[in-house]
Amino acid sequence: LPSSPNRIIAVRASENEESTELAIYGGLGSAASLVVFISEFKLKTTGCGLPAGPGGLYGAVEGISYLAIVGIIGASITTKIKTGKGLPPGPFGLLGAAEGLAYLAALTGIIVLFLQIQEYGYIPNAVPVEGGVCS
């Protein structure tokens, strides 16, 4: 049976919305990885993560970025279990890039954590405490 023009338009609109959504997830995921890499670099070079910043803004972005990395990896693993493949590449490969960067950020984090303990002998608190090493 031939498809009605309205159905074809609805399917195309749905595909465009999904494509836009994947591009947004990919862009935000890649940005989150960048924040995590900056945080890990600061942790490695100073022994402390990013400062809280004005009104706690930097710390909030840092925390949300770490959670985004965990979310991307969780989605990737879930998709891999269900389909045998990772996340779809998305438009311009943005979601695929975000997935790869998330795994790289996690691996870098494990390495930095090990080096942090070796070099500084402590792991800084996620939230700076009054009188703490990183306050």
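Which residues make the nonpolar surface patch of about 330 Å²? I found Ile 24, Tyr 25 and Leu 28, where a patch takes residues with over 30% relative accessible area and no salt bridge, joining like charges within 9 Å and nonpolar side chains (Val, Leu, Ile, Met, Phe, Trp, Tyr) within 5 Å.

Before going on, I noted that this is a predicted model, in which local features need pLDDT of at least 70 and side-chain atom pairs count only at pLDDT 80 or more, while totals for chains, interfaces and linings use all residues. Residues are numbered from 1 along each chain as its sequence is written, and side-chain values use heavy atoms, with hydrogens and water left out.

I then looked up Leu 28, which sits in helix α1 (residues 5-46), helices being DSSP runs of H or I with at least four residues, numbered from the N terminus. Leu 28 is exposed, at a relative accessible area of 56%; buried means under 20%, exposed over 50%, and partly exposed in between, with a 1.4 Å probe and protein chains only.

Last, I checked Gly 121, in the segment after α3 (94-120), and its C-alpha atom is separated by 9.5 Å from that of Gly 47, 74 residues apart along the chain.

Notes:
Areas by Shrake-Rupley, 256 points an atom, 1.4 Å probe, with all protein chains shown as cover. Salt bridge = Lys/Arg side-chain N within 4 Å of Asp/Glu carboxyl O. Helix = DSSP H or I, 4+ residues; strand = E, 2+ residues; numbered from the N terminus.
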